[in-house]
Amino acid sequence: MNLLTDVQSILLAITNSDDLVNLLKFPFMQRAMIGAVLMGILGGLLGSFVTLRQLSFFSHAVGHAALVGVALGVLLNTNPTWMLLPFTLVFGVIVLYLIDKTDLASDSVLSIVLSGALAIGVILTSLIKGYRGNLMAVLFGDILAIDTTDLILTLVVLVGSSIFLLSTLRSQILLTLNPDVAQVQGVPVQLYRYGFVVLLSLAVAVAIKAVGVLLVNAFLVIPASTAKLMSHHFSRFLILSVIVGSSSSIVGIMVSGVFNLASGPSIVLVQFLVFVIVFSWVKLGIKAT
């Protein structure tokens, strides 16, 4: 009986694999694959600085507070992405401004603002009547639903982020390691901090449609954290983060297609499994030495 079940599982997997190959012929699947690569690179690039600057909670707050933008988009009967972009941008800048202008710890400010934004988001969500498909799709992500506009927006944010970070890489590294020294060396610290927050907020907005509000922070943090385990040299760390982000996104879509699972959670699950494997390998390697 067990043998029969195993054979049936194998045949089902083969059938699903054939279906996946056929799916790759459709434009929506091709857009999803391109989007996965672009968002994976974007997540790996920005995530590297997010983890080193300890901004994980910041991106988490921006992602979850985006519920307000999603709800507004549904209520106004517009594409939620067009509401997410300005909302996350304004929210990120305001939060950083409040952190700079108050004596409270940054995590306290983030908790307060996040709680308020979530409360507003839940209230707005309760006002939505009838079909809530658009809301659910953005909350939990569906990379198969991205369109050409989403790809263009992602590409624009990726190109902008690459130009901003790579053209000022030495200053960005110095700012990451020691902001006070960077200030003394003439680095425009505030300009770079706010510029990075703008890019991070926009990246969260464009990635939400793929992985959802609830998982977007993992999309930024896990690949970079995995890369950090593999290398402490910044250049290699940055490259590995981009590779892990893009490759795990592609594998996640394939897993989603083969096993008929939700695309966003599948991508994050693959990233999580890669992190666990690398973590175990590093720990075993340390013990072996």
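## The largest pocket

In this predicted model, 16 residues line the largest pocket, and R53, Q54, L55, L96 and R193 lie nearest its centre. A pocket is an open set of points on a 1 Å grid over the protein atoms alone, where a 1.4 Å probe fits, with protein on both sides within 12 Å along at least five of seven lines; lining residues have an atom within 4 Å of a point. Two or more lining residues come from each of α3 (56-65), α5 (80-101), α6 (106-126), α9 (169-177) and α11 (189-211). Helices are DSSP runs (H or I, at least four residues), numbered from the N terminus.

The volume, the space filled by probe spheres set on the points, is about 420 Å³ for the largest pocket. Its lining comprises 10 nonpolar, three polar and three charged residues. Ala, Val, Leu, Ile, Met, Phe, Trp, Tyr, Cys and Pro count as nonpolar, Asp, Glu, Lys and Arg as charged, and the others, Gly among them, as polar.

## Residue Q54

Q54 is found in the loop between α2 (27-52) and α3. Q54 is not a glycine, yet has a positive phi of about 55°. With a relative accessible area of 71%, Q54 is exposed (over 50%, 1.4 Å probe, protein chains only).

## The second largest pocket

The second largest pocket has a volume of about 190 Å³. Among its lining residues are L52, I173, K228 and F237. Both α9 and α13 (234-259) give two or more residues to this lining, and α9 supplies the largest share, three residues. The lining divides into five nonpolar, four polar and one charged.

## Basis of the values

Residues are numbered from 1 along each chain as its sequence is written, and side-chain values use heavy atoms, with hydrogens and water left out. In this predicted model, local features need pLDDT of at least 70 and side-chain atom pairs count only at pLDDT 80 or more, while totals for chains, interfaces and linings use all residues.

Terms used
Buried means under 20% relative accessible area, exposed over 50%, partly exposed in between (1.4 Å probe, protein chains only).
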